[in-house]
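Please walk through the chain below, from its overall dimensions down to single residues.

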Amino acid sequence: HDIVRLLRASPKPLLAAINGTAVGGGLEMTLHCDVRFAATNARLGQPEIRIGFIPPIATTQALARLIGRPRAIRYLYDGGLVPADEALRWGLLDELVEPAGLRGRVQAYGEELAAKSPAALAAIRRTVTLGGGLTFEDGMAYELKTVTELADTPDFAEGVDAFLTKRP
């Protein structure tokens, strides 16, 4: 669980690229990423039930939040492989890419993010990832605290100035 805490506390966006078959721990790590890209021919599975076990990397918690309790229960009970297109429909994946273009697409998305304010990216990640586990009222308070802190950053001042002067 220490690795999950490390991933969830990261101030940087976490991107996952799934190519081929992702099962067990390899798939579990991707569940804690912000955006999951997969090759169109990828297959995903949590087969631990077949050995009388459950996925140990906070998977039960992540899956229920990503795809909902009923689907998570069934997915873990079955222990089978799910094709990428079905995983996309479930919300387990965010984008499908032809296998040959997967690396390039994830790299391009990462570069798009790198051109944005690190402080704002970290704030989005923090408020959604950590705030999502709070009550709605507490989440709003956490968001307001974060917005107030961001309003005093050089990134925000530059962003407003760029917007007003119509420049990138």
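**Overall layout**

Of the 168 residues in the chain, 33% count as buried, where buried means under 20% relative accessible area, exposed over 50%, and partly exposed in between, with a 1.4 Å probe and protein chains only. This is a predicted model, in which local features need pLDDT of at least 70 and side-chain atom pairs count only at pLDDT 80 or more, while totals for chains, interfaces and linings use all residues. Residues are numbered from 1 along each chain as its sequence is written, and side-chain values use heavy atoms, with hydrogens and water left out.

The C-alpha trace spans about 60 × 40 × 25 Å along its principal axes. The secondary structure consists of 9 helices and 6 strands; these are DSSP runs numbered from the N terminus, helices being H or I with at least four residues and strands E with at least two. Of the contacts in the chain with a separation of 6 or more, 60% are between residues 24 or more positions apart, a contact being heavy atoms within 4.5 Å.

The accessible surface of the chain is about 10,300 Å², and carbon and sulfur atoms supply 61% of that; the areas come from the Shrake-Rupley method with a 1.4 Å probe, and for residues only the protein chains shown count as cover. As for charge, the mean positions of the 19 positive and 20 negative charges lie 4 Å apart. Lys and Arg count as positive and Asp and Glu as negative, without His and the chain ends, and each charge is placed at NZ of Lys, CZ of Arg, CG of Asp or CD of Glu.

How many residues of strand 3 are buried? The count is 5 of its 5 residues. V35, F37 and A39 lie on one side of strand 3 and R36 and A38 on the other, so that both faces are covered, by the definition of buried given above. Strand 1 (residues 15-18) has a covered face with A16 and I18, and an uncovered one with L15 and A17.

Strand 3 (residues 35-39) runs parallel to strand 1, joined by 4 bridges; two strands pair if DSSP finds at least two bridges between them. In this pairing L15 has V35 as its bridge partner, and A16 stands opposite R36. Strand 3 also runs parallel to strand 6 (residues 95-97), with 3 bridges, and there A38 is the bridge partner of L96.

The loop between strand 1 and strand 2 (21-23) holds N19. Beyond its neighbours within four places in sequence, N19 contacts A39, N41, P99 and L102.

**An aromatic pair**

Across the whole structure there are 2 aromatic pairs. One of them, Y75 with W90, is edge-to-face, at 5.3 Å centre to centre and 85° between the planes. Rings of Phe, Tyr and Trp (its six-membered ring) pair if their centres lie within 6.5 Å; planes under 30 degrees apart count as stacked, over 60 as edge-to-face and the rest as tilted. The pair links Y75 in helix 4 (residues 69-78) with W90 in helix 5 (residues 84-90), 15 residues apart. Both Y75 and W90 are buried.

**Two positive phi values**

Most residues other than glycine have a negative phi. A58, in the loop between strand 4 (43-45) and helix 3 (59-67), has a positive phi near 55°. K166, in the segment after helix 9 (154-164), has a positive phi of about 55°. A58 is buried, at 17% relative accessible area, whereas K166 is exposed, at 77%.
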